[in-house]
Amino acid sequence: MSRFLGLTGTSSHMLQWESLVEVAAIDVAVARMLEPHVDALGILAEAGHDAPDGSTWGVYAAEAPAHVLTVSTDAEQPVIDGEKAWCSLAAELSHAIVIADSHAGSHACAVDLRDPGVQAQPTAWPSVGLQEIPSGSVAFTKTPITVLGPPNWYLERPAFAWGGIRVAACWFGAAVGLARNAVRRHGKRSNPSSVGEMLIGQLEAEIFSIRSALAQATAAADGSDEYSRARAWTLALTVRNIVYSGVRRIQHLSREIAGPAALTGDVGFAKADADLTVYISQHHGPRDEAALGAELRSKVDRDGF
């Protein structure tokens, strides 16, 4: 699908985000599968590596206290050992970029998931939302890797921030899909209510606000100005908070407009609603807002408003 959409490791962020919005509006789970593949292609390109033809990629960066993954770069062939949590579709994909730790810091590691040293752990995945994308843990036993960049390079890139906005674009696309469904249902009613019309007006305002924020972020990501990692991440936190709040509002309004019949009798609407609920749970909520506040306080202390 990434080839069909023209998405590569060097495609513009505008193309990436707009494509993912439209894909998510049609099928949230497909966008959830496509986004990390596009992310991985970009990481590989930044590090000066090509993805093998026909390969499918995930990015496993989430940390969990009970799961520790370490990298050893002492030998000629670097390897990773340990277990990584939240590895979506590990049994289905061919490759992944996995973040592992060493005494020098964190490392981005390209891994062939078909290697005998890789074992996806059996995990119950009872989720109703995104049920096609089980996200269990994976055990790595002296698994050969290609190290991408120096220690801590993955997190210190400005592009890490743009990747955070790419995920938010998927949330937005999922909400747009719900809104489109709800408005179509409302339009087919024999006597559409004025209350429904009012809610649709509120939908448009939320959608416009998010599109405006994403447009400004696209101009930054694709523009000629050099962004430091700190500056890019402040923008990403701002945009993600705007998108998250707006998406929750769009989801609520779409439910109100569509009515209970959509949630109980429309498989597409009910599934998209459940998928979006699980997807936006990735947002760090108050922690991200606190991080943004701390960034802005430091900026005010340094430069003033």
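Tutor: Asp 275 and Lys 271 form a salt bridge, with an N to O distance of 2.6 Å; the term denotes a side-chain nitrogen of Lys or Arg within 4 Å of a carboxyl oxygen of Asp or Glu. The model is predicted: local features need pLDDT of at least 70 and side-chain atom pairs pLDDT 80 or more, whereas totals for chains, interfaces and linings use all residues. Side-chain values rest on heavy atoms, without hydrogens or water, and residues are numbered from 1 along each chain as its sequence is written.

Both partners belong to helix α8, and because they are 4 residues apart, about one helical turn separates them. Helices here are DSSP runs of H or I with at least four residues, strands are runs of E with at least two, and both are numbered from the N terminus. Asp 275 is buried at 2% relative accessible area, while Lys 271 is partly exposed at 27%. Buried means under 20%, exposed over 50%, and partly exposed in between, with a 1.4 Å probe and protein chains only.

Arg 185 and Asp 266 meet in a salt bridge at 3.2 Å, N to O. Arg 185 lies in helix α4 and Asp 266 in the loop between α7 (260-265) and α8 (267-279), 81 residues apart. Arg 185 is partly exposed at 27%, and Asp 266 is buried at 19%.

Arg 157 pairs with Glu 46, the closest N and O atoms being 2.5 Å apart. Arg 157 is in the loop between α3 (153-156) and α4 (158-187) and Glu 46 is in helix α2 (residues 28-46), so this bridge ties together parts 111 residues apart in sequence. Arg 157 is buried, with a relative accessible area of 5%, whereas Glu 46 is partly exposed at 43%.

Glu 35, Asp 39 and Arg 166 are linked in a network of salt bridges. The count for the model comes to 11 salt bridges.

Arg 240 is buried yet has no salt bridge, and the nearest side chain of opposite charge, Asp 288, is 4.0 Å away. Beyond neighbours within four places in sequence, the contacts of Arg 240 (heavy atoms within 4.5 Å) include Trp 171, His 283 and Asp 288.

Key:
Lys and Arg count as positive and Asp and Glu as negative; His and the chain ends are not counted.
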